[in-house]
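User: I'd like to learn how to read a few features in a structure like this one. Could you take me through them, starting with strands?

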Amino acid sequence: MSAVTSSLQASASLPRWYNPAALLGSFSLALASMTLSGFEDEAGNLNLAAVIVIGYLLYMAITFVVSRAVEGRRKSVDRMVTGLVTAAFTLAVIPLLSLTYTVVSNGLARLDATFFSNSMRNIVGEGGGALHAIVGTLELTGIATLISVPIGIMTAIYLVEYGRGRLAKLVTFFVDVMTGIPSIVAGLFAFTLFLVVLGPANAINGLAGAVSLSVLMVPVVIRATEEMLKIVPNELREASYALGVPKWLTIIKVVIPTALAGIATGVIIAIARVIGETAPLLLAAGFTASMNYNPLSDKMMTLPVFVFTSFANQGVDTQAYIDRSWAGALTLMIIVMVLNLIARIISRVFSPRG
Amino acid sequence: MSKRIELRNLNVYYGSFLAVEDINMVIEPRAITAFIGPSGCGKSTLIRTLNRMHEVIPGAYVQGELTMDGENIYAPEVDPVKVRRQVGMVFQRPNPFPTMSIKDNVLSGYKLNNSKMSKTEADEIAEKALVGANLWNEVKDRLERPGSSLSGGQQQRLCIARAIAVEPDVILMDEPTSALDPISTAAIEDLAVELKDKFTVVIVTHNMQQASRISDQTAFFNIAGTGMPGKLIEYDKTEKIFSNPTQKQTEDYVSGRFG
């Protein structure tokens, strides 16, 4: 049979059951060795992390040797790299899954109708809710979006379509600087701004919080929009100019619609980015236990601040405060998830078909 | 309508770089004028000066005079946007607007300029332009589909329909068939020949057979070397250029000895 040896002949390869079998083998070996050696922690439990690490190392070592012998160098290296990449991916996903699980399991306890229909006014123990914080978060983020999106999109249009020379370079530079502003500094900026304008009695209100959020949001919107406008093919602009369409109409009717899906996604991601901000709101919007629908006066509660204050200032019934804190975190996560879903739907609806 | 274009002492620059030097020529109405020459000789640059698209590129400008029926389109009081409404252009790669349907693409010259028109009027213009671009029979049942759903050759004819829908005086074609297969190319060539009944047609092409098949006048451009400006070497009736050119360079180029 081997009388005819072709240079194209594939080297022998391990059977398909090799991988599951090797994984099962390595991990049971690791488990067995840990149990038999009596390597346990103080409580007498099995050290699961050690089992996983030892099992993984065993699998890699066995696979390398076996694959090298049977399949040759290239495929054994391939299996090693696949193993490394999978391990890295698993490491990255574990915190995410663990976090989601923790928040959901702890938050569900108080995710009831009272939580969504009551504020914390006159509540010292159980009961109460986060309606004031939910309303505050939605209002503040909404106002921040109304401020940031026009500024952000118009700045991006300037940078991509008109900006030449020093002014454009300067704007790009400051956008870069703004991206790196620590959120607490944005909060201090909004707080001092309102302090100077309105005086110490009225400085802390919802609008101040919204302004601090938009300081953080504007650079994100600019960057996202800029990237989307840049990938609109120049041929489309030229096609429009060649039809005798002025530049401003070309931008409004050709460039923006072509990039709309990406811009909308960018805006939603920017919203998701600032909706969880705590530090600037703690300063600029303050915290309160009462309902406040008016962003122009008085302190306003928001969900991240609600989570923080519930946890930081636990009252008499400690567990009630902690439960509310978790429920607030879960609500925030749900809002962000819904926003991401909306972003996906928008990008599907608006993206050019063909 | 169809206009006579005259170029007098025209120099075309990209910043400080002189790309095309001292062009003098008359482009006849109701005829196809072909620009041929090796890559980088300035054919495309020159055709883009005819509708003031050249200056869209930052730092690019033109010196000299370019008149259409006696009116200098580079006069300071002339609005380049209005020039482009009279001079349609078809590009090398088909570029229908991806967000618009086939019908909206044809009407884009009106729609993008916010022109108001009734539905019947719009339907008439769209049908007339699509018939004019030999595309009507292929797309009449799917006018609301996106323009990018068509094949490359159909997209290019859609771009021609878009250009002729606004009823310009001049149609410029910058290598309109270089991205297309021979059958689509033949369709575009037939169309160009039909268009010259109504428009002044200028076409840039790398394909010398194409120039000899469809054009009435041919202009041959060449450069002395990289970094040197492109020049008009010879401009004459197409038969003359391809059978008995005056210049040695032209003869070498059309006979395939270089380029």
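Analyst: Strands β3 (residues 32–36) and β9 (residues 217–223) of chain B pair in the parallel sense over 4 bridges. Strands here are DSSP runs of E, at least two residues long, and helices are runs of H or I, at least four, numbered from the N terminus; a pair needs at least two DSSP bridges. Within this pairing, T33(B) stands opposite Q217(B). This is a predicted model, where local features need pLDDT of at least 70, side-chain atom pairs count only at pLDDT 80 or more, and totals for chains, interfaces and linings use all residues. Residues are numbered from 1 along each chain as its sequence is written, with chains lettered from A and ligands numbered from 1 in the order written.

User: How do I read the two faces of a strand?

Analyst: In a regular strand the side chains alternate between the two faces of the sheet. In β3(B), I32(B), A34(B) and I36(B) lie on one side, T33(B) and F35(B) on the other, and all are buried. Buried means 20 or more other C-beta atoms within 10 Å of a residue's own, exposed means 12 or fewer, and partly exposed is in between, with C-beta atoms placed from the backbone.

User: What about helix packing: at what angle do α10(A) and α13(A) cross?

Analyst: The axes of α10 (247–275) and α13 (318–350) of chain A come within 8 Å and cross at roughly 175 degrees. That makes α10(A) roughly antiparallel to α13(A). Angles run from 0 to 180 degrees between N-to-C directions, using lines fitted to C-alpha atoms over the stretch in contact; under 35 counts as roughly parallel, over 145 as roughly antiparallel, 65 to 115 as roughly perpendicular and the rest as oblique. The contact has 15 nonpolar, 3 polar and no charged residues. Nonpolar covers Ala, Val, Leu, Ile, Met, Phe, Trp, Tyr, Cys and Pro; charged covers Asp, Glu, Lys and Arg; the others, Gly among them, are polar.

User: And how many residues does each chain give to the contact between chains A and B?

Analyst: Chain B gives 25 residues and chain A gives 20, where contact means C-beta atoms, placed from the backbone, within 7 Å. On the chain B side, α2(B) supplies the largest share, 4 residues. That side has 11 nonpolar, 9 polar and 5 charged residues.

Conventions. Contact = placed C-beta atoms within 7 Å.
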